[in-house]
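I opened a notebook page for this model and listed what to look up. The entries follow in the order I made them.

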Amino acid sequence: METIEVVIGRIGKPHGIRGEVTVDVRSDEPDRRFNVRARLLTEAPRGSAFAHDTLTIRRARWHQSTLLVAFDEIPDRDAAEAARGVVLRATIPADETPEDPEEFYDHQLIGLAAYDVDGAHLGEVTGLVHGAQDLLQVRTPDGREALVPFVAALVPEVDLAGGRVVIADRPGLVTPFEDES
């Protein structure tokens, strides 16, 4: 079975003296990803002395709105401090889909053909930019890159089976303003 790696979080500051850490969650499904005994791949920040390639979850719990995680390999506060900034990745089956039908993994969207609501071809989804507002990156047939806010008003349809997304295009969004063409 083919698998992919997805970023699910980043280790924050230590919590207490027994090695527990806060996690900046980067997954829409934290309860699915942060399970006891799950083995996560790590990516230490540049210049870090953190030496583990993987971490095994011993315990995960919510404290107010913060995820607290204890790992087998992080026994105390000093080790937790050394792990600060480590990116956590999970390996998942390539064909896995989110539980919410309105959510998608990046790899499912990249490569989809983009069309406007009238069926005109706009280009291809080449990536996603994550931030306060997720953006679809679309390469147009003439080689331009356009960023489209990934919201239902502008992307009313995602058809994975059909290999396409529909974008409610407006001048300047994907197609250029008339004076720019």
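I began with arginine 37, which at 52% relative accessibility counts as exposed; the scale calls a residue buried under 20% relative accessible area, exposed over 50%, and partly exposed in between, with a 1.4 Å probe and protein chains only. Arginine 37 is not a glycine, yet its phi is positive, about 80°. I placed arginine 37 in the loop between helix 1 (30-33) and strand 3 (39-43). Helices (H or I, at least four residues) and strands (E, at least two) are DSSP runs, numbered from the N terminus.

Before going on I noted the conventions: this is a predicted model, in which local features need pLDDT of at least 70, side-chain atom pairs count only at pLDDT 80 or more, and totals for chains, interfaces and linings use all residues. Residues are numbered from 1 along each chain as its sequence is written, and side-chain values use heavy atoms, with hydrogens and water left out.

Where else did I find a positive phi in a residue other than glycine? Glutamine 64 has one, near 60°. I found glutamine 64 in the loop between strand 4 (54-63) and strand 5 (66-71), and at 73% relative accessibility it counts as exposed.

Next I looked at the interior. Buried residues are 36% of the 181 in the protein.

I then listed the contacts (heavy atoms within 4.5 Å) of leucine 40, leaving aside neighbours within four places in sequence; among them are Ile8, Phe34, Asp53, Leu55, Phe71 and Leu88. For the protein, 49% of contacts between residues at least 6 apart in sequence join residues at least 24 apart.

Last, I recorded the overall figures. I count three helices and twelve strands. The radius of gyration, taken over C-alpha atoms, is set against a globule rule of 2.2 Å times the number of residues to the power 0.38; the protein has 20 Å, whereas a compact globule of 181 residues would have a value near 16 Å. Along the principal axes, the C-alpha atoms fill a box of roughly 60 × 35 × 30 Å.
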